[in-house]
Amino acid sequence: MTFSVHGLAVARGIAIGRAVLVASSRVDVAHYFITTDQVVGEIDRLKRAKEVVFQEVQRLQLALPKDAPTELAALLDVHLMLLQDELLAEGVAHWISERLYNAEWALTSQLEVVARQFDEMEDLYLRERKADLEQVVERVLRQLKGAPTGVPQPAVRRPGSQRQQDLLLEDTEDVPLVLVAHDLSPADMLQFKQSVFAGFVTDVGGKTSHTAIVARSLDIPAVVGARNASHWVKQDDWVIIDGDAGVMIVDPSPIVLAEYGFKQRQASLERERLSRLRLTPAVTLDGQKIELLANIEMPEDAASALAAGSVGVGLFRSEFLFMGRASHLPGEEEQYQAYRRAVEGMQGLPVTIRTVDIGADKPLDRNVRETVHLNPALGLRAIRWSLADPAMFMTQLRAILRAAVHGQVNLLIPMLAHGKEIRQTLALLARARAQLDAQGVAYGPLKVGAMIEIPAAALTVPMFLSYFDFLSIGTNDLIQYTLAIDRADEQVADLYDPLHPAILHLVANTIAHGQALDKPVSVCGEMAGDPSLTRLLLGMGLRSFSMHPTQILAVKQVVLRSDTTRLKPWAEKVLASDNPAELLASV
Ligand code: PEP
Ligand code: MG
């Protein structure tokens with residue numbers, strides 16, 4: 001039966017494919033595809049983990065004191081039985097051999113299938129055994145995690161034998177896969193970066209949550225905040241993701257499929273048309289040169305930044321080098337090599353490296369989310385985290401200074417609000433230089449800039465300009481903190497409004513102060529990559545935009561058709577209005 005699930009549109013386009021469910025688990029589970037020659041080893045790995053757990057439970061049973069309640073022994077019996085359950089074992093082997101899922105993913109996928117069967121049982125006692133099954137699976141997952149054999153691989157293959165589909169695609173080897181999950185951390189998302197997935201849907205998340213931002217950088221259709229999507233969709237269901245409308249259609253009829261197939265072809269034609277603008281300089285009708293820069297997460301993204309025709313990197317979110325690591329943080333040499341790759345990758349174009357912005361919805365480790373922070377977005381995040389650990393911060397500063405030998409590097413500091421934070425940061429930068437001098441290690445010159453992403457910063461721009469060479473407006477956080485809404489919370493997503501007059505005033509005020517002192521100001525939040533806001537930002541005087549490489553050509557198209565002399569008075573009217581959205585449609 002066809003039904004649709006609505007969420008928030010985060011990355012444009014249409015994806016049609018079969019659902020791959022990533023079940024949530026209390027244990028941090030790696031999801032990756034194995035190769036066909038790893039199947040036997042993977043099934044074996046799982047068998048061994050189950051055996052270890054089996055022996056563990058047996059030992060527990062033997063060690064039970066004589067006066068232990070009889071239910072306890074019975075419960076352990078149930079666990080032993082479940083560990084030998086054929087349905088579970090066969091199902092898991094199926095996911096591994098047919099789908100080439102790694103053991104952990106196969107186990108959680110089969111848990112999902114069996115758990116649904118438990119849910120449907122009439123008998124209350126049997127229904128409640130689902131919790132036991134979950135516990136047993138969790139034990140096995142922990143065992144697998146402790147004794148991993150395979151290295152996570154990006155998902156790069158198609159399963160060998162697939163159920164034939166009589167839908168649009170006859171050849172199942174080419175059936176695209178669409179990932180459906182309750183939640184994915186930004187680090188998970190990054191792991192899927194080189195994957196085969198044609199689209200993503202998650203139950204939670206806001207439009208500018210970091211998971212959504214990474215999804216957008218993948219340039220594949222994505223919907224977040226789809227509430228119960230992962231509950232309603234089953235493994236293998238056919239789904240359509242409409243990334244423009246923020247909708248997922250499950251089990252579509254042939255007519256709906258044909259309609260979306262048509263839309264998909266239209267979109268690819270449009271992209272092809274836009275790609276012709278790649279080498280066209282971004283100059284407005286009245287001759288204003290506009291700088292279109294790229295936001296990147298990993299050094300390797302420099303290639304897509306160049307391919308999209310960007311004239312540099314305006315924001316390298318360095319925290320992605322720090323996330324999802326099992327143990328230690330990256331050291332100076334590792335960071336230096338990463339920054340150097342980004343700088344060299346940009347072939348002489350400038351690269352703005354932002355110091356680590358860990359915290360809020362970007363935990364260091366996925367499991368850290370289990371820690372209760374009352375208000376993570378207002379807590380020890382970004383520069384606050386860096387200043388709380390000067391040794392870690394200086395390691396990063398030294399690595400960036402050293403990378404500046406290889407090209408034009410700008411240093412960008414996130415989430416500053418206080419003068420004392422600015423002074424501490426600059427003092428640590430001076431100390432990092434002195435350390436390199438003392439060691440006789442070469443480093444290059446840096447322009448130093450601050451992100452304006454806290455209202456307090458946007459209201460004290462002159463102070464920031466007195467310390468920094470340039471400013472970059474982080475509208476994602478500026479909106480979150482000005483409007484007091486969590487950018488990652490889909491329940492308040494409708495209140496996340498870039499056109500709120502308060503936001504427009506803070507942005508315009510920052511640009512105007514920069515212009516007055518002739519210091520560069522750019523916008524690197526999602527507003528910069530939204531073509532429907534390009535004219536307004538141009539009218540406010542913005543001349544530097546940093547965005548996902550995927551957005552550059554669409555924004556360039558608007559730039560090429562704009563006349564800033566006409567946009568300036570119009571933007572002033574929009575700024576004076578209490579309903580800017582209405583006026584926006586009138587240009
Ligand atoms: C922003 O806040 O607008 C920004 C660019 O930084 P991030 O999205 O990484 O918080
Ligand atoms: Mg930010």
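Q: What volume does the largest cavity have?
A: This is a predicted model, in which local features need pLDDT of at least 70 and side-chain atom pairs count only at pLDDT 80 or more, while totals for chains, interfaces and linings use all residues. A cavity here is a set of points, on a 1 Å grid over the protein atoms alone, where a 1.4 Å probe fits but cannot get out. Points are joined across faces, edges and corners, and the volume is the space filled by probe spheres set on them. For the largest cavity, that gives about 80 Å³.

Q: Which residues lining the largest cavity are closest to its centre?
A: Lining residues have an atom within 4 Å of a grid point. There are 15 of them here, and the closest to the centre are Arg317, Arg354, Met451, Glu453 and Asn476.

Q: Which elements give two or more residues to that lining?
A: Helices (H or I, at least four residues) and strands (E, at least two) are DSSP runs numbered from the N terminus. Residues are numbered from 1 along each chain as written, chains are lettered from A and ligands numbered from 1 in written order, and side-chain values use heavy atoms, with hydrogens and water left out. On that basis, the elements are β10 and α18.

Q: Which element supplies the largest share of the shell around ligand 1?
A: The shell holds 17 residues, each with a heavy atom within 4 Å of the ligand. The largest share, three residues, comes from α18.

Q: How many residues of the shell are charged?
A: Asp, Glu, Lys and Arg count as charged, Ala, Val, Leu, Ile, Met, Phe, Trp, Tyr, Cys and Pro as nonpolar, and the others, Gly among them, as polar. Four shell residues are nonpolar and five are polar, and the charged ones number eight.

Q: How much of the area that ligand 1 exposes when taken alone does the protein bury?
A: Polar contacts (N or O pairs within 3.5 Å) reach oxygen atoms of the ligand from the side chains of His210 at 3.0 Å, Lys362 at 3.2 Å and Arg487 at 2.7 Å. Taken alone, ligand 1 exposes 290 Å² (Shrake-Rupley, 1.4 Å probe). The protein buries 100%.

Q: Which element gives the most to the lining of the second largest cavity?
A: About 40 Å³ of space lies in this one, and its lining has seven nonpolar residues and one charged. Both α2 (70–83) and α6 (129–146) supply at least two. With three residues, the top contributor is α6.

Note on methods. A polar contact is a pair of N or O atoms within 3.5 Å; within protein, one must be able to donate a hydrogen and the other to accept it, and residues adjacent in sequence count only if both atoms are side-chain atoms. On a 1 Å grid over the protein atoms alone, a cavity is a set of points where a 1.4 Å probe fits but cannot get out, and a pocket is an open set with protein on both sides within 12 Å along at least five of seven lines; lining residues have an atom within 4 Å of a point.
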